[in-house]
Amino acid sequence: MAYKDYYDVLGVSRGASDADIKSAYRKLAKQFHPDKNAGDEKAAERFKEIGEAYAVLSDPEKRKLYDQYGHAGQVPPGAYPGAGGMGGAAADFGGFDPGQFSDFFQGLFGQAGPRAGGFRGAGAGAGPQVNLEDLLGGLGGAGQSRRFVQNVEGELQVTLEEAFGGSDEVINVDGKRLSLRVPAGTRDGARLRLAGQGPGGGDVLLTIRVLEDGRFDLDGDDLTTSVDVPAPVAALGGDVKVQTIAGTTGNLTVPPGSSGGRKMRLRGQGWPRKDGTRGDLYVRLNITVPKDLSAEEQDLYRRLRDLRA
């Protein structure tokens with residue numbers, strides 16, 4: 001039974017944050033979703049593999065057990081108490097049907113809890129279920145998570161980049177596919193209403209949750225990012241390129257004698273406002289020193305050190 005590297009499946013590092021894992025899963029699941037790859041068996045298998053990896057890495061307890069026992073191929077009996085007493089395996093694995101997962105997964109978690117006989121699917125003895133991830137990610141089908149009650153209220157997760165530029169989503173509610181547009185400039189906590197689109201003609205109410213971003217921090221209307229500045233440029237001044245959240249490249253002029261941690265501003269490159277203007281982008285300078293200095297460069301740095309002594 002071959003070892004499965006769930007981190008590699010999602011394209012994240014072993015130290016990835018929960019937000020990084022969610023973001024990677026969301027992008028891959030959209031890419032390989034069966035609705036976008038009709039008849040493509042390889043894409044369908046990739047979609048299931050992505051769901052399996054996310055089912056494990058999105059749960060702190062299962063992720064810890066995977067990191068500890070994954071190479072051994074089996075979690076010791078009793079080490080994972082969550083396998084029992086939670087209303088079925090599908091509930092235990094966040095709405096995913098573990099019966100569809102790989103032999104590696106079955107071998108790793110299949111004997112981990114009181115139900116040593118393996119997992120049952122969500123349909124075995126379970127009532128009708130509405131899956132929140134079907135509603136909240138445009139990712140219908142198996143391999144989803146987070147349920148919601150029949151009042152059809154939930155949270156829709158979007159990346160910071162999607163919130164900035166707007167995002168088209170397709171969601172499934174009570175077996176019906178609905179299209180919606182997350183407007184550009186949407187803030188965390190914003191509410192979207194799909195009137196009359198819920199079960200029985202009710203409304204679908206979504207609260208937008210904007211995921212943390214590894215490149216940009218949002219504070220009010222302003223964004224903050226960091227840029228590496230070579231030590232000679234920091235000392236003598238010069239231009240560096242800065243990537244904006246819109247995907248464009250801005251030019252930042254660094255004054256002579258700039259220190260690490262200094263913030264500089266690119267006007268109008270921040271978050272969209274209701275009046276059509278935008279906030280600013282603040283760029284934090286991160287001074288870098290090359291590790292692979294040539295002999296000539298080392299000599300120049302020595303001379304500079306001696307001059308400053």
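Student: How many helices and strands does the chain have?

Tutor: The chain has ten helices and eleven strands. Helices (H or I, at least four residues) and strands (E, at least two) are DSSP runs, numbered from the N terminus. This is a predicted model, in which local features need pLDDT of at least 70, side-chain atom pairs count only at pLDDT 80 or more, and totals for chains, interfaces and linings use all residues. Residues are numbered from 1 along each chain as its sequence is written, and side-chain values use heavy atoms, with hydrogens and water left out.

Student: What share of the residues count as buried?

Tutor: Of the 309 residues, 42% count as buried. Buried means under 20% relative accessible area, exposed over 50%, and partly exposed in between (1.4 Å probe, protein chains only).

Student: Ok, helices. At roughly what angle do the axes of helix 2 and helix 3 cross?

Tutor: Roughly 165°, and the axes of helix 2 (residues 18-32) and helix 3 (residues 41-57) come within 9 Å. Axes are lines fitted to C-alpha atoms, for helices over the stretch in contact, and angles run from 0 to 180 degrees between N-to-C directions. Helix 2 and helix 3 are therefore roughly antiparallel. Angles under 35 degrees count as roughly parallel, over 145 as roughly antiparallel, 65 to 115 as roughly perpendicular and the rest as oblique.

Student: Which residues of helix 2 and helix 3 meet?

Tutor: From helix 2 there are I21, K22, Y25, L28, A29 and F32, and from helix 3 there are A43, R46, F47, I50, G51, Y54 and L57. The residues of this contact divide into ten nonpolar, one polar and two charged. Ala, Val, Leu, Ile, Met, Phe, Trp, Tyr, Cys and Pro count as nonpolar, Asp, Glu, Lys and Arg as charged, and the others, Gly among them, as polar.

Student: How do helix 3 and helix 4 lie to each other?

Tutor: Their axes cross at roughly 100° and come within 6 Å, helix 4 being residues 60-69. Helix 3 and helix 4 are therefore roughly perpendicular. A55, V56 and L57 of helix 3 and K62, R63 and Y66 of helix 4 make the contact.

Student: New topic. In the largest nonpolar core, which residues touch the most other members?

Tutor: L180, V229 and L252, out of 34 residues in that core. Strand 5 (residues 204-210) gives the largest share, four residues. A nonpolar core is a set of buried Ala, Val, Leu, Ile, Met, Phe, Trp, Tyr and Cys residues joined through side-chain atoms within 4.5 Å. A second, separate core of 27 residues includes A24, L28, A29 and A55.

Student: What is V229 in contact with, leaving aside neighbours within four places in sequence?

Tutor: A234, V240, V254, L285, N286, I287 and T288. Contact means heavy atoms within 4.5 Å.

Student: Where is V152?

Tutor: V152 is in the loop between helix 7 (132-137) and strand 1 (153-158). V152 is buried, at 2% relative accessible area. Leaving aside neighbours within four places in sequence, V152 is in contact with V173, P199, D203, V204 and L205.
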